[in-house]
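Please look over the structure shown here together with its sequence before reading the report.

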Amino acid sequence: MIRTGTAGRVAVGLTAASLALAACGGEGSSSGDGPGTYKIGLVTSSAGPFASNAKTMEAGAEYAVKLLNEAGGVKGAKLELVKVDSQNKPATTATLIPQLATKQKVLAIVGPVDSAGCEVACATANKLKVPIVSPGAARPGVLKNARPYGFTIAQPDADNSTPVLTKIIQGRKLKRAAIISDEANATTKAQADLFRSVFGATGVQVVKSVTFKSGDSSFASQVTSVASAKPDVLALAAGPDDAGRIAREVRSQRQNFTLLGTGSLQSGGAAYVAAGGQATEGTLAAAQYDPHSATPAAKALLEKAQAATGQADISLNFAYAFDAVHMIAKAIEEKGVKPGDDAVTKGRVDVQESLNAMQNYQGMADATTFKDGIAQRPQLQAVVKDGKFVIDKSAG
C-alpha cells in the first residue's frame, strides 16, 4: 500500500556543521505532485519482529521533513515523504520499490529499518539506480547486491557488536551460555550465529539453544528448558518486543542469569523495556549510538527532538532516519539537484555520488562516514538502568 504525505511549505537545506541549509530559490508548488517537490520514499513495516523499530524510523523521518519544510525546504522546494508498508513480506517489498521508482518517481528512499527488508529493497533499488539509505540494517553482507546505490547508517553487528560482547563476557567471567532465537526471521538467525561465534571465540560453553517464532504468546517452555541447563547468560536473538516478553518470563521464573543482546536490541530499547518492564533491568548489550551524546551538533539536535517529542531518550532508528533525510537534503544542495519528475533520473545519480563521497557528516547520531555504503560507528556498551538503555561510560 502507498501513502503520500506532505509536511509544510518550501525551503532551505543544511550545512554539515549546523544542519541548517542556506536558503536559495523561490517558492515551490503547494501541491504534492507539483514540479517544486522533492519526493523521498519511506519503506516501513507494520508487521514482523521489528515493526516497533520501523514505527520509530518513520517518526524520525517525518520529524526531519517537518523541520526542513518549516525552515523553508531545500533549494526553494519542499520535501515530501511517500510512504509504503511492506508488512514484513519480501515479495511485497520487491513490488513496492519499483512503484516508488517508476510511478511515484522518488528521488531517493529511506528504509527499510531491518536487514531482511533491506536485503530485498536495497538490491532492487540498486538495479533501478535509486539511492536508498537504511536506518538500521546491520546484518553482515546486507549490501552485497546493493552497491553503489545502497547505504546503511548502522554498522553490521559482526563488526560493531563482536568486540563489545567479547569484553562483556570476559569482564563478567561468563562460562555457560544459552541462546534463544526467533527461527522465523533471517535477521535474528544471524544474531544467533553471531552469539555462537563470540561464545566459541571466548571459550564459553553453549549449554542450551531454543527457538520460537515471532509473536509467540508464551515463552514459558523455552525459559524452563533454558533454566534447567543452568547458564550464566541468556543471549537474546529476538526483536525488541519478543525479547522484552522473554525477559519478563525469565524473571517470573526467578532466574537471575545475565540477559545479553547485540546492538540491535539497544536500537529498539524503548520497545524492549516497554514489553519487559522491570525484568529488563540490568540487561547488557552492545551499542553504536549514544542518545545522550555530548558532541555539540548531536547534543543540540537530540535536545530539540526530546523537547518536540516528549521522549527522554531518542532511539537509534529515529536518529538514523532523521540523519538519512538530512544527508539526502545535503546531497540535493551540494549537487544542485532540481525538483520535479523531469530531473529525477540525473538527480538520483547526483545524490548517490554525494552520499558515497560524504565524510564525517555531523548529525543527530554524531559523525557518519560511509565506507562501501556502510557507516562507521563507535563500539559502545549499554545497560538497562532505571527503565532505559544507557551507555556505560566506565566500560571504555
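Predicted model: local features only at pLDDT ≥ 70, side-chain atom pairs only at ≥ 80, totals over all residues.

The report below covers a sheet, the helices beside it, a further helix pair and the salt bridges.

An open sheet of seven strands runs in the order β8-β7-β9-β10-β11-β16-β17, and its pairing is mixed. The edges are taken by β8 (205–212) and β17 (388–391), each of which has a single partner strand, so one side of each is left without a neighbour in the sheet. From one strand to the next, the twist averages 25°.

Within this sheet, strand β10 (residues 258–261) pairs with strand β11 (residues 284–287) in the parallel sense, over two bridges. L260 stands opposite L284 in β11.

## Helices across the sheet

Helix α7 (residues 240–252) lies across β7 (176–182), β8, β9 (233–237) and β10, and it runs at about 155° to β9. Helix α9 (residues 269–276) lies across β9, β10, β16 (380–385) and β17, running at about 135° to β17.

These two helices also pack against each other: the angle between α7 and α9 is about 35°, their axes are 7 Å apart, and the crossing of α7 and α9 is right-handed. On the α7 side the contact is made by P240, D241, A243, G244, R245, A247 and R248, and on the α9 side by A271, Y272, A274, A275 and G276. By class, the residues of the contact of α7 with α9 divide into seven nonpolar, two polar and three charged.

## The α11 and α12 pair

Helix α11 (residues 316–335) packs with helix α12 (residues 344–357) at an angle of about 110°, their axes being 9 Å apart. Because angles of 65 to 115 degrees count as roughly perpendicular, α11 and α12 are therefore described as roughly perpendicular to each other. The crossing in which α11 passes α12 is right-handed.

The contact is made by M327, A331, I332, E334 and K335 of α11, together with D350, V351, E353, S354 and L355 of α12. Sorted by class, the contact of α11 with α12 has five nonpolar, one polar and four charged residues.

## Salt bridges

The structure holds ten salt bridges. One of them joins E119 to R139, with the closest N and O atoms 2.8 Å apart. This pair links distant parts of the chain, since E119 belongs to helix α3 (residues 115–127) while R139 lies in the loop between β5 (132–134) and β6 (150–152), 20 residues apart.

Technical notes: Residues numbered from 1 in each chain as written. Heavy atoms only, no water. Axes fitted to C-alpha atoms, helices over the stretch in contact; angles between N-to-C directions. Helix = DSSP H or I, 4+ residues; strand = E, 2+ residues; numbered from the N terminus. Parallel < 35°, antiparallel > 145°, perpendicular 65-115°, else oblique. Left-handed = near helix turned anticlockwise from the far one by under 90°. Contact = heavy atoms within 4.5 Å. Nonpolar A, V, L, I, M, F, W, Y, C, P; charged D, E, K, R; others polar. Pairing = 2+ DSSP bridges. Salt bridge = Lys/Arg side-chain N within 4 Å of Asp/Glu carboxyl O.
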